[in-house]
Amino acid sequence: MNYENILSERVKNVEFSGIRKFFDIAATMDNIISLSVGEPDFKTPWAIRRKAILSLEKGRTNYSSNAGIAELREKICEYTRDTIGVNYCPKNEAVVTVGGSEAIDLAIRVLVNPGDEVLVPEPSFVCYSPIVSFAGGVPVPIVTKQENSFKLMPEALKAAITPKTKVLILPFPNNPTGAVMRYDELEKIAEIIRNTDIMLLSDEIYAELTYGDKHVSIASFEGMRERTIVINGFSKTFAMTGWRLGWAVAPEPILTQMLKIHQYAVMCSPTISQYAAITALSDPEARRDVDYMVGEYDMRRRLCVKTFNDMGLACFNPEGAFYVFPCVKSTGLSSAEFCEKLIRSKRVAVVPGEAFGKSGEGFIRVCYAYSLRHLTDAMGRIEEFLKEQNS
C-alpha cells in the first residue's frame, strides 16, 4: 500500500517538534542533564494530590459533563476574575480541556477557515503554527527581536495585517524567550486590533510565573473581552504537567463552538484531575506551595542569566515563564550544531532556537525549572564546552 497517497497532505507537511528531538536523544544517553523540556522539577503540591487520592477512594471515576465539573468551572471563573479582572460565566463561557494545548487547538479550529491567516509572534511555542496548518489556515510569523526584549512591536503587527488576517496569537509570558508584555505595551496592540475584525488568542499558561509586575491580560482592555479567547492551565503554575488539565474562557458564541469539538473529540477531561484542580484553585496550602515555587524559579532565573552572560553568551533577562534564551552566534555554530555538539560531548540537552521559528536561529532555549544542582552542573559543562570550542 502506498501510504503517501492516503495520508493527509496538511499533516505530512508539518515537521515534528524540535523539542522532542533532543529529548529523545537524551533518553538514550547515560549521565545526561536535560534542560530541554518545560516541566517543573517540583512535585504537585500535596494538597492537590491528596484530593485526587480522596476522589479515587470515593469512587469518583465517572465522566463529568463535557464542559467540566461545575464546581471547577466556577473556581476557574473566580480565579480569572481575581487574577486578570475579567468576569466569565461558568455555565457557558468556560471549558475544561486536556491541557492548555487542547484549548489552543479548539480555539484555532473554531475561528480559522481554509486560507485564513493567523499572526504568530516568533520565537514562540512550537504548537501554534502546526495547529493553524492542520486547520487549513496560514500561519504568518511576526519576528520579535532581542533588542526589543522579544516583545510584539506595534509597527511589526501593523505590517503583518492583511485582509486575510483572522487571528492574532498573543503568547505572553513567552516560551521560549521569557518575554512579557506590560500594560502600556498591550494597550498599543489593543488600539490596532480595535479597528479590525481580528480575533485574539491569548495564551496565558505562564501568567503566574512573572518576576516583577503582575501579569496583564489583553482581555481586560476596553473592547477586547468580546474578541479574546483566554487560555490557561494547571501544568506550569501547579506543577501538574502529567495531569493534563487546562481551560479556556471566551464569549458564549465562541465557547459553544469550542465545546462542540471538545464533546466529539475527547468527551471530557480526566475526572480525577478535575477534582484535584478544584483544590489547586482554592486551597491555601496549595497557594503557598505555588508562591514558593515561583520564588525558587526567580532565584534560578537570576543564576542562569548571570552565568550565561559571564561565560560570554549574551542572555536576555526574562521577565516571565521559566526559560532563558541565550545567544550562541558568537560561537560560529548554528543553533542546531551547538545543541548537537553539546549533547554529544557534554551530555547536556538544550533546544535550538530555530525549533520555535526561524527567527530563533542563533539562540538556544534552556529551561531552569530544574534543581540548582542540575543547573550548576549543566552550566559547568556548557562552560567547558565553550572553552573547548575556542581552543
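## Domain contact and core

Domain 1 and domain 2 together bury about 3400 Å², and carbon and sulfur atoms account for 60% of that area. Of the area that domain 1 buries against domain 2, Thr-44, Phe-316 and Glu-319 supply 23%, more than any other three residues. The model is predicted.

**Layout of the domains**

- The protein chain is divided into domain 1 (3–44 + 286–390) and domain 2 (46–283).
- Taken over C-alpha atoms, the centres of domain 1 and domain 2 are 24 Å apart.
- On the side of domain 1, 41 residues are in contact with 45 residues of domain 2.

**Polar links between the domains**

- Between domain 1 and domain 2 there are 20 residue pairs in polar contact, both residues at pLDDT 80 or more.
- The count of salt bridges between domain 1 and domain 2 is three.
- Glu-319 forms a salt bridge with Lys-151, with 3.4 Å between the closest N and O atoms.
- α1 (9–12), α11 and β9 (323–324) each supply at least two residues of the side of domain 1 that touches domain 2.
- With nine residues, α11 gives the most to that side of domain 1.

**Nonpolar core**

- The largest nonpolar core has 70 residues, and those touching the most other members are Leu-35, Leu-72, Phe-234, Tyr-297, Phe-308, Phe-322 and Phe-338.
- Helix α11 (residues 284–310) gives the most to this core, eight residues.
- Domain 1 and domain 2 each provide at least three residues of this core.
- Beyond its neighbours within four places in sequence, Tyr-297 is in contact with residues including Pro-40, Leu-209, Tyr-211 and Phe-322.

Notes
Residues numbered from 1 in each chain as written. Predicted model: local features only at pLDDT ≥ 70, side-chain atom pairs only at ≥ 80, totals over all residues. Heavy atoms only, no water. Core = buried A, V, L, I, M, F, W, Y, C linked by side-chain atoms within 4.5 Å. Buried < 20%, exposed > 50% of the residue type's maximum accessible area, 1.4 Å probe, protein only. Helix = DSSP H or I, 4+ residues; strand = E, 2+ residues; numbered from the N terminus. Domains from an automatic or database assignment. Contact = heavy atoms within 4.5 Å. Buried area = accessible area lost by both parts, 1.4 Å probe. Salt bridge = Lys/Arg side-chain N within 4 Å of Asp/Glu carboxyl O. Polar contact = N/O pair within 3.5 Å; in protein donor to acceptor, adjacent residues only side chain to side chain.
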